[in-house]
Amino acid sequence: MLQSEYKDIRSRHMDAEQTAEDPELANQIAEEFFRDSEDIEVCYRNGVRYYARLKETNSLAEKGFSFPKDHVLWITGGTRGLGYLFARHFAERYGVTKLVLTGKETMPPKAEWDDHVKRNSPFSDKVRRIRELEQKGVRTEVLSVSSGPEYEQAVSRVKEKMGPIGGVIHAAGAVDLDHPAFIRKTREQMMTVLEPKTDGLDLLYQALHKEPLRFFALFSSVSGVVPELGSGQSDYAMANAYMDYFAAAKGFPVLSIQWPSWKETGMGESKSRAYLKSGLKSITDREGLSLFDAIMAGDCGSVIMPAVIHPEKWEPGRLLLSSGLTETKKQEQADTESVEEWLTGICCRELRLEPSRFESDTPFQDYGADSIMLAQVSRAIGKRIKADLDPAVLYEYPTVAALAGWLETAYPEIKAAVSKPVQPVIPDVPKQTAAAVIQPSGGAAAQDIAVVGMSCRFPGAESIEAYWKLLSEGTSAIQRVPKERWKTEKADYAGLLKNVTHFDPEFFLIPEEDIKAMDIQSFLILEEALHLFRDSGYSLQEMKGRSAGVYLGGRGGSMPDENRLKHAKNPIVAAGPNYLAANLSQFFDLKGPSLVLDTACSSALVGMNMAIQALSCGEIDSAVVGGVSLLESGQTHRMFELRNLLSEEPAFHIFDRRTGGIVLGEGVGMVYLKTAAQAVKDGDRIHAVIKGISVNNDGRTAGPATPNIQAQKEVMAKALAKSGRKAEDISYIEANGSGSEVTDLLELRAIEAVYRMQYSAPCELGSMKPNIGHPLCAEGIAGFIKTVLMLSRRMRVPFLSGKEPMTHYDLSASPFYFSHALREWTDSPRIAAVSSFADGGTNAHVIVEAWEQEAYTPVRKPLPRQELKRRAIRPDKAESLHENAHKSRPNTFWKQMKTY
């Protein structure tokens, strides 16, 4: 396999006889070393050399296959991916009623399963799958075993409780997508991939080989037999090759199946250049199951490769040769060679890679390139264009495709230069012995952004779980504002938080003098950030010093009176609105930028757009994104009242004949973001991924609050284009919803123009505003969190409005609809959009998709919610409070950092 990954390496696997004498063995090794052969696998028996080739088999009989009645089927990796697919297949097709499913994690007791499903824990998907099997009448036993004694005990217990074991499917496996280059893999990383298919197989076989097995099927891969398909995943290829040799050595009933790429399950469809050249097609679930049934019914030996092929590309005689998938090209450069092809040639030469292995959109560092290698590449390019090329350019444009585009713009003459046949440039190799590993520094704008943590406090909901309960039960937290809140007799309606002036200043190390002067919103932000990190699985100590940016939507509250400002130890924390974010960076010791944005309703999503840009270019490694809004007085209500925008009823109607204005609300919401690649590397729990986001402005309109339907269409279309998804893929839209007949009508028509003008697929619309009111600068994040919760929990919550038809829009004749009851989200894939169109014209639109990686198991889990000793800190505020006396605590910051 290594000769496929690195062109300057020649490698071959030789199987020697155990009885061979040393001189004979030495001669055979020497002969192989000097032999000019493309064979990648040979063996010697009785002095005769044999080589490996594929042979088509016709031994797939049609006599059918049956599984022993009342016997147990044992499946490793059975709670996800291919393992679960085959568990369901055996239950449906072969009537298997007893299943043992094993995995890496220990499942919680069944008595706790309902709770895990309800709160969407890391086990919720597994619980749902197991219950689906049980609903088919299957008795299941879910085990976690990792040692010989554990296997022996498990087998004994299973036989006693369930009966004899009649078959085994070993589908467990692991891949390391973060370290594809062999020269960059550590022993520990490789062992993680090898263990399930080597040590795990040995233990499984030792425990079960004496049972009355109809089959012992090992799920191997073509990567273990076709050398160029193992390139970039050498550890995975080795693990699968071990399974093949194991099956060949043991014989019946052990069978190793070298599966090609699966389109719909497992690791997903392979689209690499090498795979496309192989002639193999990625198989569907239906094709794979049919192939398995045929294998089980036939007599095909110990190792077999099932295949669905492209007849015009399929050359099985070449697949097991070292250059089997390498295209034969003329050595001289063609006059029509493109800049991208020219760059590919340089990179392959400097990185010692085979051209067939090189992908133009794969970052250089994924091929094991270090700073020295990239310096050589830049020097070679510079010689051709006769310029001193800065090596940093290869960090800014870290793929051949991106670099080619930049070169064609910066050096227009390059097209003519590369079209002329020239002698290869061999740069001098610097005499250095140490090299730094390149870290991604740009060019990743198209990658997914993962939501790895969420926290919020909205009207009627003091936490994420409470917010979900409010939404899923279809409850409205809108109420009449208590008289004591704003000291007014006026009948105002709003969505309000409780006890907003209750805080734990000692935990957050804020002097009492500053507490009296600070913006109350600061307290909400600090608390929710703490809950956010713990929801993400990170302690205070783990967050300390991270390159995490803070992007908050918000606006400063009322200025403190002169006396409080005068007595504050740090008056700037009260006077500077930027400290809404800076306080967070200060306390948690976060090293990324911290900023507060105010684009009204779209503030949080505009901040999200900025955070994603910083994440994508490697400026930061994670981001806190959120929004906050607090109605400290009735002043905001009076302003909206003067504009005739307030509803006179305790209800916020959207897309409804009863639309009569908005109901204001307050709240704070936050999400913790990383690139999906970083989140997987860190073992984070991923709630959903952001596929695309866009921001624009209405420009000049009839007034600052007048929407621009064209701008709305453009911002939605651009976010959709960035996502790479089709309009018909979006089955739910969390709408902006203005509470005005005209603006709601314009939004509907904009949505229709972008998402359903050419499609009739149903699309649900909704909004959280009828539940909690319009939380101003926290609006965008409130809708985003709601949408992510629905995606991750596979449920759609009821919309509390849209029950009376609009006058000028016939919803029944459109693809759009509202759901007024809690129901399961059955669409696949689950993709949604979130809109936020603000006063002042700044529009934002986000495409977010459910995280569907069956082979991924998060390492991090939410930490228990931090208990805070909250007390009333601002009794002067017009709010009904319950005072609690607390003794002040000493400053124990470093102790806390180690404890929490």
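D839 counts as partly exposed, because its relative accessibility is 33%, and the bands here are buried for under 20% relative accessible area, exposed for over 50% and partly exposed in between, with a 1.4 Å probe and protein chains only. Keep in mind that this is a predicted model, where local features need pLDDT of at least 70, side-chain atom pairs count only at pLDDT 80 or more, and totals for chains, interfaces and linings use all residues. Residues are numbered from 1 along each chain as its sequence is written, and side-chain values use heavy atoms, with hydrogens and water left out.

So who does D839 pair up with? D839 forms a salt bridge with R643, and the closest N and O atoms are 2.9 Å apart. A salt bridge here is a side-chain nitrogen of Lys or Arg within 4 Å of a carboxyl oxygen of Asp or Glu. The general idea is that side chains of opposite charge can pair when their charged atoms come close. This pair links distant parts of the chain, 196 residues apart: R643 is in the loop between α27 (635-642) and β18 (664-665), while D839 is in the loop between β26 (831-837) and β27 (842-850).

By the salt-bridge rule, the count comes to 46 salt bridges. One of them joins the side chains of D535 and R685, at 3.2 Å from N to O. D535 lies in helix α21 (residues 520-536) and R685 in the loop between α28 (676-682) and β20 (688-697), so this pair ties together parts that are 150 residues apart in sequence. Both D535 and R685 are buried.

Another salt bridge runs between D589 and K544, whose closest N and O atoms are 3.1 Å apart. Here the loop between α25 (579-588) and β16 (594-597) holds D589, and the loop between α22 (540-543) and β15 (548-553) holds K544, so the pair ties together parts that are 45 residues apart in sequence. K544 is partly exposed, with a relative accessible area of 29%. Salt bridges can also join up: R12, E31, E32, R35, D39, R49 and R53 are linked in a network of them.

Now for the rings. A pair of aromatic rings is described by the distance of the centres and the angle of the planes. Rings of Phe, Tyr and Trp (its six-membered ring) pair if their centres lie within 6.5 Å, and planes under 30 degrees apart count as stacked, over 60 as edge-to-face and the rest as tilted. That rule gives 34 aromatic pairs. Take F65 and F90: they are edge-to-face, 6.5 Å centre to centre, with 85° between the planes. F65 lies in the loop between β3 (48-51) and β4 (72-76) and F90 in helix α3, so the pair ties together parts that are 25 residues apart in sequence. F65 is buried, with a relative accessible area of 11%, and F90 counts as buried at 0%. For a tilted pair, look at F458 and Y467, whose centres are 4.8 Å apart with planes at 50°; both are buried.

F65 and F90 also belong to one aromatic cluster, along with F67, F86, Y94, F215, F219, W259, W262 and F292. F292 sits in helix α11, where it is buried, as are D285, G288, L289, L291, D293, I295, M296 and A297. What covers these buried residues includes α3 (81-93), β7 (165-170), β8 (215-221), β9 (254-259) and β10 (303-304).

Rings can meet charges as well. A charge sits over a ring if NZ of Lys or CZ of Arg is within 6 Å of the ring centre and within 35 degrees of the ring normal. The charged end of K250 sits over the ring of F246, 5.4 Å from its centre, and R796 lies over the face of W825, at 4.1 Å from the ring centre.

Last stop: the cysteines. How many disulfides does the structure hold? It holds zero, where a disulfide is a pair of cysteine sulfur atoms within 2.5 Å. For C601, the nearest cysteine sulfur is that of C777, 7.6 Å away. C601 counts as buried, at 10% relative accessibility.

Definitions and conventions: Helix = DSSP H or I, 4+ residues; strand = E, 2+ residues; numbered from the N terminus. Contact = heavy atoms within 4.5 Å.
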